[in-house]
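This short report looks at aromatic rings and their surroundings in one protein model. Please keep the structure in view while reading.

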Amino acid sequence: FAFLQERLRCLLVLLLWLRGTDSFYVPGVAPINFHRNDPVEIKAVKLTSSRTQLPYEYYSLPFCQPTKITYKAENLGEVLRGDRIVNTPFQVSMNVEKKCEVLCNLPNKPVTLTVEQSKLIAERIREDYYVHLIADNLPVATRLEFYSNREEEEKKKEKDVQFEHGYRLGFMDGNKFYLHNHLSFILYYHREDVEENQEPTYRVVRFEVIPQSIKQEDLKADEKGMCTLPEATGSAPQEIDPSKENQMLFTYSVHWEESDIKWASRWDTYLTMSDVQIHWFSIINSVVVVFFLSGILSMIIIRTLRKDIANYNKEDDIEDTMEESGWKLVHGDVFRPPQYPMILSSLLGSGIQLFCMILIVIFVAMLGMLSPSSRGALMTTACFLFMFMGVFGGFFAGRLYRTLKGHRWKKGAFCTATLYPGVVFGICFVLNCFIWGKHSSGAVPFPTMVALLCMWFGISLPLVYLGYYFGFRKQPYDNPVRTNQIPRQIPEQRWYMNKFVGILMAGILPFGAMFIELFFIFSAIWENQFYYLFGFLFLVFIILVVSCSQISIVMVYFQLCAEDYRWWWRTFLVSGGSAFYVLIYAIFYFVNKLDIVEFIPSLLYFGYTALMVLSFWLLTGTIGFYAAYMFVRKIYAAVKID
């Protein structure tokens, strides 16, 4: 044992030493050093539009192609996001300027677009598509400069700069379509410190583009494939007429600038948030909500409960015992198993799986290991974690099923492993068929779908069975009071004890604690923004867990005081009440923030929203259920029952 301890200590020292050295990088994102004239490869990722929500691969449009097209091998997350990373014919060399060069059909032969191709480009311009390129894993950005609402004197001095991801494919003026056929790349490099007699090394730290639409005649291409950019005022844009063939030149220029930004900080430009104070406001707002809830809770628990328990436990004046009232009355029925215990335990098992997965993903992302630079890593991690967390989901579901007097553990385990994932897979498959029909790169390829099914039935299902087996064999939860043979009659309930009213009341506070963060998450998903504030998200998640637990305890206390002991299903439903508000917010976001008009994009939006709402309901319902269950067991253990 001492030998093993020594070995572990050595391993820990080695890991800490590695952590301290300069060579420690998150896997896959180590910096690449370039010398002057080294090729810097420009790759294309995809075309996206927040109006259609359908990504397309780069060569779905008639752009110039290299002699050999090679696609990068992608991880699961990239495939699910619709990324199809491919090489392009742009020739860019480190710290080598290019004034203007023709991209294809050298030397100066124009590209002829057929009527079909022209129609397709015009349609994509109308749908507001953006093109996404990368150089050294940095996404291209378009600089937007604007004056903020400052004083007049300051206005003259300073502009606010923001960056838009990708560049617009083209623009419309009236009913005419114009294509951005000239790209001015501006790449920034950081010169690394090297020894005196060594060749200087450079690292790419920013990748910007200025897209321009310039008519073929104005580009003045010569026999060598060089071209001349016209003066900004004197040039006409390149129109695309969808009713006929169009001729044009695709051209580009490259400009390099030195930058003080170090390689480690190169993503900061893309992630600049002008509204970090909104996040702080959101956190403070959430903390106030939680304190408000805690105040109510402590008042109920400390004052009311103590008084109740003291009254119930008075042993003197046995003859004059007051008529039992309130929650003690239902002590013989409070742990009576509910209807459909197998489905309840299965849903709660899936909720535990989601809870563990989300907690670990947010925590790991907060440590910076799932940054946007490791493309698709977040989604890949989430998928694998959900599969592996099946063992915990199965364990909790099995133990609860045993507590609820269930006997068919194999059927229960199968239900836990397939109920929620089956619904998710079913909805995604139907949506995927529609995306396939549109020939979008967002469609999950058939081999990936088979791989996901193999993960589900090869990893998740056996792990759920394993967890369920041990959970079912373990001692059931110890309920402090016995259940009567004959169920007690439930008195008529007041209107405000209705399930739906409970959902509305219970959902508003947890939703209020997190709705500002929800806006940023929606923007990241539907408007192709980067989401990276996982530190804030982790805080919000903790606040959500606390507020869900507290509101669930308050609701179950009121229910038991009203002598209604059917709390199992009700607590699960009511605690997930904030999911109802998330659905309302999603509809509001769709109507006010998104410019989606077509049927399939709307179907995709509401399909994925339904999955988010279902997952959120399972998550919050599970948190609330376990909080309420612990509370109920605690209070009934504190009173003496004859």
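## Charges over rings

A charge is said to sit over a ring if NZ of Lys or CZ of Arg is within 6 Å of the ring centre and within 35 degrees of the ring normal. The charged end of R402 is placed in this way over the ring of F472, 5.8 Å from its centre, and R124 lies over the face of Y56, at 4.0 Å from the ring centre.

## Basis of the model

This is a predicted model, in which local features need pLDDT of at least 70 and side-chain atom pairs count only at pLDDT 80 or more, while totals for chains, interfaces and linings use all residues. Residues are numbered from 1 along each chain as its sequence is written, and side-chain values use heavy atoms, with hydrogens and water left out.

## Aromatic pairs

Rings of Phe, Tyr and Trp (its six-membered ring) pair if their centres lie within 6.5 Å, and planes under 30 degrees apart count as stacked, over 60 as edge-to-face and the rest as tilted. The count by this rule comes to 52 aromatic pairs. Because the ring centres of F335 and Y636 are 6.2 Å apart and their planes stand at 75°, this pair is edge-to-face. F335 and Y636 are both buried (under 20% relative accessible area, with a 1.4 Å probe and protein chains only; exposed is over 50%, and partly exposed is in between).

The rings of W568 and F625, with centres 6.1 Å apart and planes at 35°, form a tilted pair. W568 is buried, as is F625.
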